[in-house]
Amino acid sequence: MEQQIEKLFTWLDETTDMISEEEDVPYLDGLIASSELLFYRDLPEDLESTYYNKLQSQLDMINLSDFEVEVRRKALQLAILKGMKGQTQQHHYITPDTVGMFIGYLVQRFIGDKKEYTLFDPACGTANLLFAVINQQEQKDSLVAYGSEVDPTLIRLAYINTNLQEKQIEYFHQDSLKPILLEPVDVVVSDLPVGYYPDDTTAQAYDLKAEDGHSYSHHLFIEQSLKYTKDGGYLFFVVPSLLFESDQKDQLQSFLKEHAHIIGLLQLPETMFKNENMRKSIFIIQKKGENTRDPKKVMLADLPSFKDAKAMDSVLQQLNQWFKNER
(Lines give C-alpha, C1' and ligand atoms only; values in the text may rest on other atoms or scores of the structure.)
Protein backbone atom coordinates (compact mmCIF):
# COMPACT_ATOMS: atom_id res chain seq x y z
CA MET A 1 0.00 0.00 0.00
CA GLU A 2 2.83 2.43 0.83
CA GLN A 3 4.18 2.26 -2.74
CA GLN A 4 0.71 2.93 -4.13
CA ILE A 5 0.25 5.91 -1.81
CA GLU A 6 3.63 7.30 -2.86
CA LYS A 7 2.82 6.80 -6.55
CA LEU A 8 -0.52 8.59 -6.35
CA PHE A 9 0.84 11.37 -4.12
CA THR A 10 3.74 11.96 -6.53
CA TRP A 11 1.30 12.28 -9.44
CA LEU A 12 -0.96 14.68 -7.52
CA ASP A 13 2.02 16.73 -6.34
CA GLU A 14 3.67 17.02 -9.77
CA THR A 15 0.41 17.82 -11.54
CA THR A 16 -0.53 20.34 -8.84
CA ASP A 17 2.83 22.11 -9.16
CA MET A 18 2.36 22.21 -12.93
CA ILE A 19 -1.10 23.76 -12.65
CA SER A 20 -0.08 26.18 -9.85
CA GLU A 21 2.86 27.48 -11.87
CA GLU A 22 1.00 27.73 -15.17
CA GLU A 23 -2.13 29.36 -13.76
CA ASP A 24 -0.43 31.29 -10.92
CA VAL A 25 -2.67 29.91 -8.17
CA PRO A 26 -1.90 28.64 -4.63
CA TYR A 27 -0.95 24.98 -4.18
CA LEU A 28 -4.31 23.98 -2.66
CA ASP A 29 -6.22 25.51 -5.57
CA GLY A 30 -3.93 23.65 -7.95
CA LEU A 31 -4.56 20.46 -5.96
CA ILE A 32 -8.30 20.88 -6.36
CA ALA A 33 -7.81 21.26 -10.12
CA SER A 34 -5.44 18.27 -10.42
CA SER A 35 -7.81 16.06 -8.38
CA GLU A 36 -10.76 17.06 -10.55
CA LEU A 37 -8.65 16.29 -13.61
CA LEU A 38 -7.86 12.84 -12.24
CA PHE A 39 -11.51 12.14 -11.48
CA TYR A 40 -13.23 13.61 -14.56
CA ARG A 41 -10.32 13.12 -17.03
CA ASP A 42 -11.66 16.05 -19.00
CA LEU A 43 -9.33 18.78 -20.29
CA PRO A 44 -10.67 22.18 -21.40
CA GLU A 45 -10.10 22.53 -25.15
CA ASP A 46 -9.17 26.22 -24.93
CA LEU A 47 -5.91 25.62 -23.07
CA GLU A 48 -2.66 26.71 -24.65
CA SER A 49 -1.37 23.72 -26.66
CA THR A 50 1.89 23.11 -24.74
CA TYR A 51 0.07 23.25 -21.40
CA TYR A 52 -2.72 21.02 -22.76
CA ASN A 53 -0.21 18.42 -23.90
CA LYS A 54 1.60 18.44 -20.55
CA LEU A 55 -1.64 17.75 -18.69
CA GLN A 56 -2.65 15.09 -21.20
CA SER A 57 0.71 13.38 -20.68
CA GLN A 58 0.06 13.38 -16.94
CA LEU A 59 -3.36 11.81 -17.46
CA ASP A 60 -1.91 9.12 -19.70
CA MET A 61 0.35 8.04 -16.82
CA ILE A 62 -2.38 7.12 -14.34
CA ASN A 63 -5.80 5.57 -13.81
CA LEU A 64 -7.82 6.20 -10.66
CA SER A 65 -9.34 2.72 -10.70
CA ASP A 66 -5.87 1.24 -9.99
CA PHE A 67 -5.94 2.62 -6.44
CA GLU A 68 -7.98 1.49 -3.43
CA VAL A 69 -10.07 4.11 -1.64
CA GLU A 70 -7.79 4.23 1.43
CA VAL A 71 -4.80 4.78 -0.86
CA ARG A 72 -6.64 7.68 -2.49
CA ARG A 73 -7.55 9.21 0.88
CA LYS A 74 -4.02 8.98 2.26
CA ALA A 75 -2.33 10.26 -0.91
CA LEU A 76 -4.68 13.26 -1.03
CA GLN A 77 -4.12 13.86 2.67
CA LEU A 78 -0.34 14.04 2.12
CA ALA A 79 -0.84 16.55 -0.68
CA ILE A 80 -3.19 18.64 1.46
CA LEU A 81 -0.69 18.61 4.32
CA LYS A 82 2.00 19.87 1.94
CA GLY A 83 -0.31 22.67 0.82
CA MET A 84 -1.11 23.63 4.41
CA LYS A 85 2.51 23.61 5.57
CA GLY A 86 3.28 26.85 7.35
CA GLN A 87 -0.36 27.82 7.79
CA THR A 88 -1.18 28.54 11.41
CA GLN A 89 -4.98 28.67 11.41
CA GLN A 90 -6.27 26.10 13.90
CA HIS A 91 -9.14 25.09 11.59
CA HIS A 92 -6.65 24.19 8.86
CA TYR A 93 -5.12 21.34 10.84
CA ILE A 94 -5.93 17.81 9.73
CA THR A 95 -6.91 15.17 12.26
CA PRO A 96 -4.05 12.62 12.30
CA ASP A 97 -4.84 9.28 10.64
CA THR A 98 -4.16 7.31 13.80
CA VAL A 99 -6.78 9.35 15.69
CA GLY A 100 -9.32 9.01 12.88
CA MET A 101 -8.82 5.25 12.72
CA PHE A 102 -9.18 4.91 16.50
CA ILE A 103 -12.41 6.93 16.45
CA GLY A 104 -13.59 4.69 13.59
CA TYR A 105 -12.94 1.67 15.79
CA LEU A 106 -14.92 3.23 18.64
CA VAL A 107 -17.84 4.12 16.38
CA GLN A 108 -18.02 0.53 15.12
CA ARG A 109 -18.00 -0.82 18.68
CA PHE A 110 -20.81 1.47 19.84
CA ILE A 111 -22.92 0.99 16.70
CA GLY A 112 -22.48 -2.77 16.88
CA ASP A 113 -24.55 -4.72 14.36
CA LYS A 114 -26.91 -1.87 13.50
CA LYS A 115 -27.59 -2.30 9.77
CA GLU A 116 -28.11 1.32 8.76
CA TYR A 117 -27.25 4.62 10.38
CA THR A 118 -26.51 8.27 9.66
CA LEU A 119 -23.24 10.08 10.40
CA PHE A 120 -22.48 13.81 10.61
CA ASP A 121 -19.34 15.92 11.05
CA PRO A 122 -20.29 19.56 11.76
CA ALA A 123 -16.71 20.78 11.27
CA CYS A 124 -15.60 18.42 8.52
CA GLY A 125 -12.74 20.44 7.04
CA THR A 126 -11.32 18.35 4.18
CA ALA A 127 -13.43 15.36 5.37
CA ASN A 128 -10.35 13.33 6.27
CA LEU A 129 -11.74 12.35 9.69
CA LEU A 130 -15.12 11.57 8.16
CA PHE A 131 -13.57 9.18 5.64
CA ALA A 132 -11.14 7.65 8.15
CA VAL A 133 -14.25 6.66 10.13
CA ILE A 134 -16.43 5.64 7.16
CA ASN A 135 -13.81 3.41 5.55
CA GLN A 136 -13.59 1.27 8.71
CA GLN A 137 -17.30 0.66 9.16
CA GLU A 138 -18.66 -2.78 8.33
CA GLN A 139 -21.92 -1.13 7.21
CA LYS A 140 -20.23 1.50 5.01
CA ASP A 141 -22.47 0.74 2.01
CA SER A 142 -25.63 1.47 4.03
CA LEU A 143 -24.19 4.46 5.88
CA VAL A 144 -25.53 7.92 5.00
CA ALA A 145 -23.05 10.69 5.80
CA TYR A 146 -23.14 14.48 6.03
CA GLY A 147 -20.54 17.16 6.58
CA SER A 148 -20.60 20.91 7.21
CA GLU A 149 -17.76 23.40 6.76
CA VAL A 150 -17.59 27.18 6.54
CA ASP A 151 -14.18 27.53 4.84
CA PRO A 152 -14.56 27.62 1.02
CA THR A 153 -11.20 25.97 0.27
CA LEU A 154 -11.70 23.17 2.78
CA ILE A 155 -15.21 22.36 1.54
CA ARG A 156 -13.87 22.12 -2.04
CA LEU A 157 -11.14 19.76 -0.83
CA ALA A 158 -13.81 17.71 0.96
CA TYR A 159 -15.77 17.55 -2.29
CA ILE A 160 -12.84 16.26 -4.35
CA ASN A 161 -11.97 13.85 -1.52
CA THR A 162 -15.49 12.46 -1.87
CA ASN A 163 -15.23 12.17 -5.64
CA LEU A 164 -11.87 10.38 -5.52
CA GLN A 165 -13.31 7.83 -3.09
CA GLU A 166 -16.47 7.51 -5.18
CA LYS A 167 -18.73 8.07 -2.20
CA GLN A 168 -21.95 10.05 -1.77
CA ILE A 169 -21.86 12.61 1.04
CA GLU A 170 -24.10 15.64 1.39
CA TYR A 171 -22.17 18.77 2.36
CA PHE A 172 -23.33 22.07 3.81
CA HIS A 173 -21.13 25.07 3.02
CA GLN A 174 -22.05 27.28 5.93
CA ASP A 175 -21.34 28.38 9.47
CA SER A 176 -22.25 25.18 11.30
CA LEU A 177 -23.35 27.10 14.38
CA LYS A 178 -26.25 28.55 12.42
CA PRO A 179 -29.36 26.42 11.64
CA ILE A 180 -28.62 23.45 9.36
CA LEU A 181 -31.20 21.84 7.05
CA LEU A 182 -30.53 18.40 8.49
CA GLU A 183 -32.60 15.79 10.29
CA PRO A 184 -31.05 14.41 13.51
CA VAL A 185 -28.45 11.69 12.92
CA ASP A 186 -27.35 8.54 14.78
CA VAL A 187 -23.66 9.45 15.16
CA VAL A 188 -21.63 12.65 15.24
CA VAL A 189 -17.85 12.69 14.85
CA SER A 190 -15.81 15.87 14.87
CA ASP A 191 -12.43 17.37 15.62
CA LEU A 192 -13.89 20.50 17.19
CA PRO A 193 -12.65 24.00 16.31
CA VAL A 194 -11.11 25.43 19.47
CA GLY A 195 -11.19 29.07 20.47
CA TYR A 196 -13.61 31.97 20.62
CA TYR A 197 -16.62 32.26 18.32
CA PRO A 198 -16.75 35.84 16.94
CA ASP A 199 -20.50 36.03 16.16
CA ASP A 200 -22.00 37.06 19.50
CA THR A 201 -25.46 37.49 17.96
CA THR A 202 -25.65 33.86 16.82
CA ALA A 203 -24.14 32.69 20.12
CA GLN A 204 -27.03 34.29 22.04
CA ALA A 205 -29.30 31.42 20.92
CA TYR A 206 -27.15 28.87 22.81
CA ASP A 207 -27.38 27.75 26.42
CA LEU A 208 -23.57 27.59 26.45
CA LYS A 209 -23.09 31.22 25.43
CA ALA A 210 -20.66 33.21 27.54
CA GLU A 211 -22.13 35.64 30.04
CA ASP A 212 -19.53 38.21 29.00
CA GLY A 213 -17.44 38.47 25.84
CA HIS A 214 -17.10 35.81 23.15
CA SER A 215 -18.30 32.24 23.66
CA TYR A 216 -16.12 29.19 23.18
CA SER A 217 -16.60 27.68 19.72
CA HIS A 218 -15.99 24.13 20.95
CA HIS A 219 -18.69 24.51 23.63
CA LEU A 220 -21.21 25.78 21.09
CA PHE A 221 -20.31 22.96 18.70
CA ILE A 222 -21.05 20.40 21.41
CA GLU A 223 -24.47 21.95 22.01
CA GLN A 224 -25.23 22.22 18.28
CA SER A 225 -24.14 18.64 17.69
CA LEU A 226 -26.48 17.37 20.39
CA LYS A 227 -29.31 19.30 18.75
CA TYR A 228 -28.71 17.39 15.49
CA THR A 229 -28.36 13.96 17.15
CA LYS A 230 -31.21 11.51 17.70
CA ASP A 231 -32.16 10.56 21.24
CA GLY A 232 -29.76 7.81 22.30
CA GLY A 233 -27.27 8.73 19.57
CA TYR A 234 -23.51 8.84 20.17
CA LEU A 235 -21.10 11.72 19.70
CA PHE A 236 -17.31 11.41 19.40
CA PHE A 237 -15.34 14.64 19.71
CA VAL A 238 -11.65 15.52 19.63
CA VAL A 239 -11.46 18.19 22.35
CA PRO A 240 -8.80 19.97 24.44
CA SER A 241 -7.79 17.78 27.37
CA LEU A 242 -8.31 20.88 29.53
CA LEU A 243 -11.99 21.04 28.46
CA PHE A 244 -13.24 20.82 32.04
CA GLU A 245 -10.66 23.20 33.45
CA SER A 246 -11.74 26.37 31.61
CA ASP A 247 -13.49 29.37 33.18
CA GLN A 248 -16.80 28.09 31.73
CA LYS A 249 -16.44 24.49 32.94
CA ASP A 250 -19.32 24.69 35.42
CA GLN A 251 -21.70 25.86 32.73
CA LEU A 252 -20.58 23.06 30.39
CA GLN A 253 -20.85 20.36 33.06
CA SER A 254 -24.33 21.50 34.04
CA PHE A 255 -25.48 21.47 30.41
CA LEU A 256 -24.06 18.00 29.76
CA LYS A 257 -25.61 16.61 32.92
CA GLU A 258 -29.03 17.73 31.68
CA HIS A 259 -28.77 16.62 28.05
CA ALA A 260 -26.22 13.80 27.77
CA HIS A 261 -24.50 10.85 29.39
CA ILE A 262 -20.71 11.14 29.61
CA ILE A 263 -19.46 7.81 28.25
CA GLY A 264 -15.72 8.26 28.06
CA LEU A 265 -12.69 10.53 27.97
CA LEU A 266 -9.59 9.07 26.32
CA GLN A 267 -6.45 11.20 26.45
CA LEU A 268 -4.47 11.09 23.23
CA PRO A 269 -0.74 10.22 23.49
CA GLU A 270 1.30 13.09 24.92
CA THR A 271 3.94 12.40 22.25
CA MET A 272 1.53 13.82 19.65
CA PHE A 273 1.69 17.32 21.15
CA LYS A 274 4.39 19.92 21.67
CA ASN A 275 3.32 20.63 25.24
CA GLU A 276 0.75 19.48 27.78
CA ASN A 277 -1.46 22.55 27.28
CA MET A 278 -2.00 21.58 23.63
CA ARG A 279 -2.94 17.98 24.42
CA LYS A 280 -6.29 16.68 23.20
CA SER A 281 -8.65 13.87 24.10
CA ILE A 282 -11.44 11.85 22.54
CA PHE A 283 -14.65 12.78 24.36
CA ILE A 284 -17.58 10.35 24.00
CA ILE A 285 -21.12 11.25 25.02
CA GLN A 286 -24.60 9.87 24.40
CA LYS A 287 -27.66 12.06 23.95
CA LYS A 288 -30.23 11.25 26.60
CA GLY A 289 -33.29 9.30 25.50
CA GLU A 290 -36.16 7.35 26.98
CA ASN A 291 -34.16 4.15 27.47
CA THR A 292 -30.66 5.55 28.06
CA ARG A 293 -28.69 5.66 31.29
CA ASP A 294 -25.36 6.76 32.67
CA PRO A 295 -22.66 4.09 32.32
CA LYS A 296 -21.81 2.13 35.45
CA LYS A 297 -18.28 3.39 34.95
CA VAL A 298 -17.02 6.13 32.65
CA MET A 299 -14.51 4.90 30.05
CA LEU A 300 -11.23 6.57 31.04
CA ALA A 301 -7.79 5.93 29.56
CA ASP A 302 -4.49 7.65 28.97
CA LEU A 303 -3.65 6.34 25.52
CA PRO A 304 -0.06 5.27 24.83
CA SER A 305 1.74 5.97 21.57
CA PHE A 306 -0.16 4.39 18.70
CA LYS A 307 3.19 2.97 17.57
CA ASP A 308 3.50 0.95 20.79
CA ALA A 309 1.59 -2.18 19.72
CA LYS A 310 1.90 -3.96 23.08
CA ALA A 311 0.66 -1.00 25.11
CA MET A 312 -2.19 -0.33 22.65
CA ASP A 313 -3.23 -3.98 22.81
CA SER A 314 -3.49 -3.65 26.59
CA VAL A 315 -5.72 -0.57 26.23
CA LEU A 316 -7.95 -2.34 23.68
CA GLN A 317 -8.36 -5.26 26.09
CA GLN A 318 -9.44 -2.80 28.80
CA LEU A 319 -11.95 -1.22 26.39
CA ASN A 320 -13.29 -4.67 25.44
CA GLN A 321 -13.80 -5.42 29.11
CA TRP A 322 -15.65 -2.11 29.51
CA PHE A 323 -18.02 -3.05 26.67
CA LYS A 324 -18.66 -6.46 28.26
CA ASN A 325 -19.55 -4.80 31.56
CA GLU A 326 -21.74 -2.09 30.05
CA ARG A 327 -23.60 -3.73 27.17
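**Close-up views of a predicted model**

View 1. Asparagine 135 sits in the loop that runs between helix H6 (128-134) and strand S2 (143-149). Look for its side-chain partner: a polar contact at 2.6 Å links the side chain of asparagine 135 to the side chain of glutamate 70.

**View 2. The largest nonpolar core, with 41 residues.** Ile103, Val107, Phe110, Val189, Phe236, Leu266 and Ile284 have the most contacts inside this core. Which helix gives the most to it? That's helix H5 (residues 97-111), with seven residues.

**View 3. Leucine 266 and its contacts.** Zooming in on one of the core residues with the most contacts, we skip the neighbours within four places in sequence and find leucine 266 in contact with Phe102, Leu106, Ser281, Ile282, Ile284, Met299, Leu300, Ala301 and Leu303.

**View 4. Helices H2 and H4, roughly antiparallel.** Two packed helices are described by the angle and the distance between their axes. Here the axes of H2 (residues 27-40) and H4 (residues 69-84) come within 9 Å and cross at roughly 155°, which makes H2 roughly antiparallel to H4. On the H2 side, the contact is made by Tyr27, Leu28, Leu31 and Ser35; H4 brings Leu76, Ala79, Ile80, Lys82, Gly83 and Met84. Sorted by class, the contact has seven nonpolar, two polar and one charged residues.

Methods
Residues numbered from 1 in each chain as written. Predicted model: local features only at pLDDT ≥ 70, side-chain atom pairs only at ≥ 80, totals over all residues. Heavy atoms only, no water. Helix = DSSP H or I, 4+ residues; strand = E, 2+ residues; numbered from the N terminus. Polar contact = N/O pair within 3.5 Å; in protein donor to acceptor, adjacent residues only side chain to side chain. Core = buried A, V, L, I, M, F, W, Y, C linked by side-chain atoms within 4.5 Å. Buried < 20%, exposed > 50% of the residue type's maximum accessible area, 1.4 Å probe, protein only. Contact = heavy atoms within 4.5 Å. Axes fitted to C-alpha atoms, helices over the stretch in contact; angles between N-to-C directions. Parallel < 35°, antiparallel > 145°, perpendicular 65-115°, else oblique. Nonpolar A, V, L, I, M, F, W, Y, C, P; charged D, E, K, R; others polar.
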